[in-house]
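Please take a moment with the sequence and the model before reading on.

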Amino acid sequence: MRFAPVFIILLLSIVGSTASLADKVGTTVDASKTVKATGGSNARILASKTSIFRNDRLRANSSGNAQIRLVDGTKIVVGPNADVKIDDFVITGQTVSKLTVSATRGAFRFISGRSKSSAYSIRTPNGTIGVRGTAFDVTITPQGTNVALLRGTIEACDRSGRCQIVRNRCDYVLIGRRGVKKDRLNSDSLRNRSKSLFPLLVNESNLNKQFRQSGSGCTVKNARLAPDRAPEQQPRNIFRALFSPRQPTINLNSPERSSPEPNSPQPNSPEPSNSVSNSPEPAAQPGSEPASAGVPNNPGNGNAVGNAGEKFSNGSRGNSSNAPGQSSDSPGRSGSSPGENRQAGNQAERRNN
């Protein structure tokens with residue numbers, strides 16, 4: 001009979017161990033800084049591959065981070081200052097028929113697993129969050145429960161039963177005393193505050209790959225539209241660019257003036273003839289530059305025009321080309337195109353003499 005007390009103690013230990021194993025709901029994949037677990041088993045600080053049990057209360061300090069995977073594939077990230085408890089957990093094979101997570105403060109992430117959406121429920125001091133195959137971040141503050149939707153759909157309800165369906169990525173919802181308020185994480189009024197409000201959303205570098213949701217883009221200004229809305233097209237601008245008449249190119253180096261001089265003809269008036277008058281032109285004085293020197297389309301510079309290097313009676317020499325459009329009636333001028341027969345200039349000179 002002296003072995004009876006020892007047998008009873010061993011039996012109770014085996015029963016307790018079996019009960020503890022039966023209440024195991026998941027395991028930590030990774031943990032850093034300080035996250036403590038109490039309630040479901042002995043108090044302990046979470047580390048990699050630490051078992052998580054039903055009724056465990058998980059508390060993190062200001063820099064705590066614990067990434068937990070439950071038996072049905074549900075993933076929970078316990079973030080800074082979080083206080084999260086796994087209340088109800090009913091296992092049915094490889095899924096759960098009921099999973100309730102209660103949170104009272106801090107930040108955490110919830111990513112649903114392979115169980116039915118109706119099995120999941122998140123409780124906060126301000127209301128409840130119904131899960132429909134989704135991922136979202138939650139931060140509980142004195143103002144209420146702040147939720148950032150990263151994937152899927154949720155139903156946010158306050159304590160009075162007023163609910164709103166949230167289904168667009170980067171949508172934001174606040175469950176507070178005045179009901180449920182929706183907004184966008186990148187709205188002008190929320191963008192700067194959302195970066196500090198959701199620490200897991202802004203920086204995912206400390207998270208294992210399976211716990212990431214690439215939600216940091218939700219806080220940038222460029223992601224202004226929801227994914228299910230396409231930006232408005234403006235084909236009007238495209239057609240205007242394709243079919244509008246091309247504007248004339250203005251050559252700034254052109255000798256023509258942009259505005260007419262007081263005595264110049266108006267744009268609509270007929271242009272003066274390019275023919276030269278029959279009055280003889282004064283010969284250029286040696287050593288002096290003619291008055292028309294440097295004027296465009298006047299290769300002769302006021303003198304008789306011949307081929308390059310040709311000498312005339314007044315001692316001047318011809319330029320390399322004749323002025324276009326000049327009349328052959330003027331002495332020493334050739335009516336031919338530039339570079340044509342030299343005899344035109346010579347004959348004019350002989351007639352003049």
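Predicted model: local features only at pLDDT ≥ 70, side-chain atom pairs only at ≥ 80, totals over all residues.

Residues are numbered from 1 along each chain as its sequence is written, and side-chain values use heavy atoms, with hydrogens and water left out.

**The chain as a whole**

- The chain has 5 helices and 15 strands, where helices (H or I, at least four residues) and strands (E, at least two) are DSSP runs numbered from the N terminus.
- Of its 353 residues, 37% count as buried, a term that stands for under 20% relative accessible area, with exposed meaning over 50% and partly exposed in between (1.4 Å probe, protein chains only).
- Among contacts (heavy atoms within 4.5 Å) with a separation of 6 or more, 46% are made by residues 24 or more positions apart.
- The accessible surface comes to about 21700 Å², and 50% of that surface belongs to carbon and sulfur atoms; such areas come from the Shrake-Rupley method with a 1.4 Å probe, and for residues only the protein chains shown count as cover.

**Disulfides**

- A disulfide is a covalent bond between the sulfur atoms of two cysteines.
- With a disulfide taken as a pair of cysteine sulfur atoms within 2.5 Å, the count comes to 2, and the bonded cysteines, numbered in sequence order, pair as 1-2, 3-4.
- Cys157 and Cys163 are joined with an S to S distance of 1.9 Å, and the torsion about their S-S bond is about 110 degrees, so this disulfide is right-handed.
- Cys157 is buried at 10% relative accessible area, whereas Cys163, at 35%, is partly exposed.
- Cys170 and Cys218 are joined with an S to S distance of 2.1 Å, and here the torsion is about -70 degrees, so the disulfide is left-handed.
- Because Cys170 lies in the loop between β13 (163–166) and β14 (171–176) and Cys218 in the loop between α3 (199–202) and α4 (235–243), the pair ties together parts that are 48 residues apart in sequence.
- Cys170 is buried at 2% relative accessibility, and Cys218 is buried at 1%.

**Two buried strand residues**

- Ala156 lies in strand β12 (residues 144–158) and counts as buried because its relative accessibility is 0%.
- Leaving aside neighbours within four places in sequence, the contacts of Ala156 include Cys163, Val173 and Ile175.
- Thr134, in strand β11 (residues 127–141), is buried with a relative accessible area of 0%.
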